[in-house]
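The following exercises are to be worked through with the sequence and the model at hand. Each task is followed by a solution in steps.

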Amino acid sequence: MDFTFTEDQLSLSDAIHKFLMVEAAPELLREIWETESGRSAEMRAKLADQGLTALSVPEAYGGMGLGDLDWVLIQQELGYYAIPDSLTATAYLAVYLSKALPEDSKLKAHWLPKIADGSARVAVGHPINPFVADAANASLLLLWHADELHALRPEEATLTLNASIDSSRRLYRVQWTPSDKTRVCGAEQGRELWQGVINRAGVAISAQLLGLAQRMLDLGTDYAAQRKQFGKPIGSFQAVKHHLADVAVKIEFARPVVQRAAQSLATGHPRAGLHVSHARLVAGEAARLAARKSIQVHGAMGYTWEADLQMFMKRAWALDATWGDAIFHKARIADFVLAEGAALGPAETFTH
Amino acid sequence: MRLEYTERQKKFRAEVREWMTANVPKQALSSFDTQEGFEQHRAWEAKLHEGRWSAVTWPKELGGRSCDLIDWLIFEEEYWRAGAPLRVNQNGVFLLAPTLMEYGTDEQKARFLPRMAAGADIWAQGWSEPGAGSDMAAIRTKAILTSDSQGDHYVINGQKTWSTRAVYADWCFGLFRTDPDSSRHHGLTFILLPLNLPGISIRPIKQLNGLPGFAEIFFDNVRVPVANRLGAEGQGWNVAMATAGFERGLMLRSPARFQKTAQNLVALYQRHREHADRDPSIRDAVLKSWMDAEAYALSTYQTASRLVRGGHIGPEASTNKIFWSELDLLMHETAMRILGARGELMPEAPEAAESAPWLDGFLFAQAGPIYAGSNEIQRNIIAERMLGLPRA
């Protein structure tokens with residue numbers, strides 16, 4: 001029993017943290033909003049330089065061959081800096097789907113190296129989400145149809161943009177016709193694969209929500225330490241302190257749940273889906289509380305377009321409902337906890 | 001990361017489970033806040049000691065098993081899973097002992113720890129005073145060093161209050177002002193004293209449940225040998241902070257206890273589901289209880305893993321206290337909502353079998369956000385030491 005990360009895992013995420021601190025300043029994110037695609041080729045190239053596009057691509061296809069547990073710390077950083085890029089769909093979800101295909105699959109041989117070197121963007125669509133993020137900007141769409149996996153080019157589909165309150169998101173209604181030509185994998189294998197996608201998206205989002213919650217807490221703390229009223233920093237008043245302390249508590253107790261869910265995916269734990277839904281719910285709760293408390297501490301400034309808090313709040317609100325909203329995830333918790341003979345109570349936390 | 005137990009850990013769990021199955025009393029003991037129940041719980045401590053289970057994290061030569069914190073968590077899981085009694089010597093085993101091991105002389109360790117492990121000495125706390133609650137540095141009870149023909153003694157005058165277990169306990173540990181001209185956290189000294197010394201009088205304080213779970217202790221020229229001082233004179237604040245750190249940290253409330261309550265709550269809900277589901281917020285609270293109890297367990301395993309690898313507990317320990325005390329309230333409030341009009345029955349009522357443990361826990365849960373540093377104090381600590389916000 002050892003619930004710690006390796007030095008390598010920690011130093012990689014630390015390096016990414018320091019890198020993004022310089023390369024993903026809020027002013028830059030605002031500039032990227034203004035572009036049509038909402039994505040920046042320059043930023044993508046920098047992420048690829050850091051090895052992030054290659055992280056879980058197998059070494060045989062030009063990647064680093066790392067896994068779910070390595071991703072979770074990186075995802076916390078992507079959340080903390082609200083990175084506007086389809087990195088997760090491309091380098092985590094699409095790689096997971098592609099890896100599962102047979103060795104002679106053209107899709108696998110063609111796309112994995114391009115994902116690894118950062119030149120391909122992949123959008124992943126499943127009916128758990130009404131829209132497909134970044135579909136127009138993708139080189140490849142991987143789509144669900146009746147539990148099957150289909151692959152097509154964006155030109156082969158009709159895409160309709162639906163604007164999001166998060167200025168960095170590009171959401172599309174995708175209309176397309178499934179055919180033998182687009183089918184990559186049948187329903188029997190696909191069913192399990194799509195569950196794997198939902199769970200991996202779930203861990204990625206949970207980790208990003210943790211990062212976002214931490215960022216909103218940091219912004220609120222900085223503001224409260226600087227803003228003076230009644231001759232003192234407002235952060236010296238207990239009513240303000242306690243708002244922020246409550247957020248710190250939520251983050252502390254969400255983090256291990258999220259990290260355990262990643263480990264459950266990495267080891268193929270039979271209750272991984274339960275662990276992911278638990279992670280989604282507590283990380284969502286932490287991020288929503290961080291948003292609420294941080295805007296309160298910011299006062300009227302928090303309600304403005306100008307204050308950076310908005311970009312992290314909106315990202316958190318939006319992400320929290322994708323790849324399974326709280327209704328979906330709570331139902332998975334209820335299915336386990338309320339089942340007859342459920343393994344609850346002390347000594348069951350790590351059992352199979 | 002490896003979230004599976006080793007073969008050795010599995011064997012250890014099996015050993016604990018076997019012993020608990022054979023030895024946990026079939027019938028619940030009386031409350032340790034009665035004379036009869038106190039002695040029943042003392043006998044249970046002695047029984048645990050016979051099996052070398054009373055202080056598993058202590059070194060073997062002091063009656064423990066030199067368990068690391070992961071083993072301790074396994075032990076606690078099996079302890080609560082078996083429905084074993086509350087620990088009457090918690091103040092001693094979990095709070096004072098780690099401090100004694102850090103600050104005590106070899107002679108003090110030999111004198112106090114084996115008797116503590118055996119349940120021969122049950123310990124009470126002596127922190128708060130009428131004018132020193134959340135503001136512990138306002139302590140005024142004096143202990144003045146005096147030399148005479150009988151050697152060096154502290155002569156203690158003043159009053160402690162809210163002393164947990166002091167009505168029936170044998171010994172007490174606490175902070176006293178040894179420098180009468182000092183103020184705040186200077187000039188305080190950590191002293192251990194038997195509660196039967198001449199000049200000590202104890203006035204029980206009835207708690208919400210009508211039982212004297214804590215007491216006032218009055219000191220009238222009480223003489224305590226200087227050998228009972230823990231750590232250096234005037235260094236009591238630092239010694240006490242170590243104790244408070246342990247208290248807030250891992251050992252005061254192991255996650256297994258809350259997981260057991262959450263499990264019981266799910267069972268209660270299932271038995272009354274038809275009625276309870278007429279208010280959907282109850283189901284939601286039941287699910288949240290299970291999730292939060294699991295989160296608390298995961299967090300503790302993560303902290304324990306870090307400590308086993310040589311890490312330290314920092315100010316984030318203050319988040320624990322807030323989390324478990326609020327969880328305990330949530331679970332018991334939810335149970336009381338499910339029990340409805342049966343919830344108020346006293347334990348001796350003929351129809352209280354199902355509800356009485358919940359009422360007892362509900363009352364105790366009210367104390368959680370208050371004792372061991374109120375949750376407001378914990379939030380200040382988090383804001384100032386973890387987030388770095390300015391002091392008032």
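**Exercise 1. The interface**

Determine how much area chain B and chain A bury between them, and which salt bridges join them.

Solution. Step 1: chain B and chain A bury about 4900 Å² between them, and 68% of this lies on carbon and sulfur atoms. Buried area here is the accessible area (1.4 Å probe) that two parts lose on being put together, summed over both. The model is predicted: local features require pLDDT of at least 70 and side-chain atom pairs pLDDT 80 or more, while totals for chains, interfaces and linings use all residues. Residues are numbered from 1 along each chain as its sequence is written, chains are lettered from A and ligands numbered from 1 in the order in which they are written, and side-chain values use heavy atoms, without hydrogens and water.

Step 2: on the side of chain B, 56 residues are in contact (heavy atoms within 4.5 Å) with 45 residues of chain A.

Step 3: five salt bridges are counted between the two chains, a salt bridge being a side-chain nitrogen of Lys or Arg within 4 Å of a carboxyl oxygen of Asp or Glu. B:Lys288 and A:Glu285 form a salt bridge through their side chains, at 3.3 Å from N to O.

**Exercise 2. Salt bridges over all chains**

State how many salt bridges are counted over all chains, and describe the surroundings of individual pairs.

Solution. Step 1: the count over all chains is 44 salt bridges.

Step 2: A:Glu23 pairs with A:Lys46 at 2.8 Å, N to O. This pair links distant parts of the chain, since A:Glu23 belongs to helix α1 (residues 7–23) and A:Lys46 to helix α3 of chain A, 23 residues apart. Helices (H or I, at least four residues) and strands (E, at least two) are DSSP runs, numbered from the N terminus. A:Glu23 is partly exposed at a relative accessible area of 24%, and A:Lys46 is partly exposed at 31%. Buried means under 20% relative accessible area, exposed over 50%, and partly exposed in between (1.4 Å probe, protein chains only).

Step 3: in chain B, the side chains of B:Arg165 and B:Asp33 form a salt bridge at 3.0 Å, N to O. B:Arg165 sits in the loop between β3 (151–164) and β4 (171–177) of chain B and B:Asp33 in the loop between α1 (7–23) and α2 (35–50) of chain B, so the pair ties together parts 132 residues apart in sequence. Both B:Arg165 and B:Asp33 are buried.

Step 4: B:Arg229 and B:Glu233 meet in a salt bridge at 3.9 Å, N to O. B:Arg229 is partly exposed at 26% relative accessibility, and B:Glu233 is partly exposed at 35%. Elsewhere, salt bridges with shared partners join A:Lys250, A:Glu285, B:Lys288 and B:Asp292 into one network.

**Exercise 3. The two sides of a helix**

Which residues of helix α2 (residues 26–33) of chain A are buried, and which are exposed on the other side?

Solution. Step 1: the buried residues are A:Pro26, A:Leu29, A:Arg30, A:Ile32 and A:Trp33. They span an arc of only 160° around the axis, which puts them on the same side of α2(A); the arc is that of the directions from the helix axis to the C-beta atoms.

Step 2: A:Glu27 and A:Glu31 are exposed on the other side of α2(A).

Step 3: the cover over the buried residues of α2(A) includes α3 (41–49), β6 (170–175), α7 (187–226) and α10 (309–319) of chain A.

**Exercise 4. Nonpolar cores**

Identify the members of the largest nonpolar core that touch the most other members.

Solution. Step 1: a nonpolar core is a set of buried Ala, Val, Leu, Ile, Met, Phe, Trp, Tyr and Cys residues joined through side-chain atoms within 4.5 Å.

Step 2: the largest core holds 198 residues, of which A:Met216, B:Phe190 and B:Leu192 touch the most other members. Its largest share, 17 residues, comes from α7(A).

Step 3: another core, of 18 residues, lies apart from it and includes B:Ala166, B:Phe176, B:Ile191 and B:Leu193.

**Exercise 5. Positive phi**

Locate A:Ala146 and B:Ala372 and give the phi of each.

Solution. Step 1: most residues other than glycine have a negative phi.

Step 2: A:Ala146 has a positive phi near 50°, lies in the loop between β3 (140–145) and β4 (148–152) of chain A, and is partly exposed at 41% relative accessibility.

Step 3: B:Ala372 has a positive phi of about 55° and lies in the loop between α11 (356–367) and α12 (375–386) of chain B.
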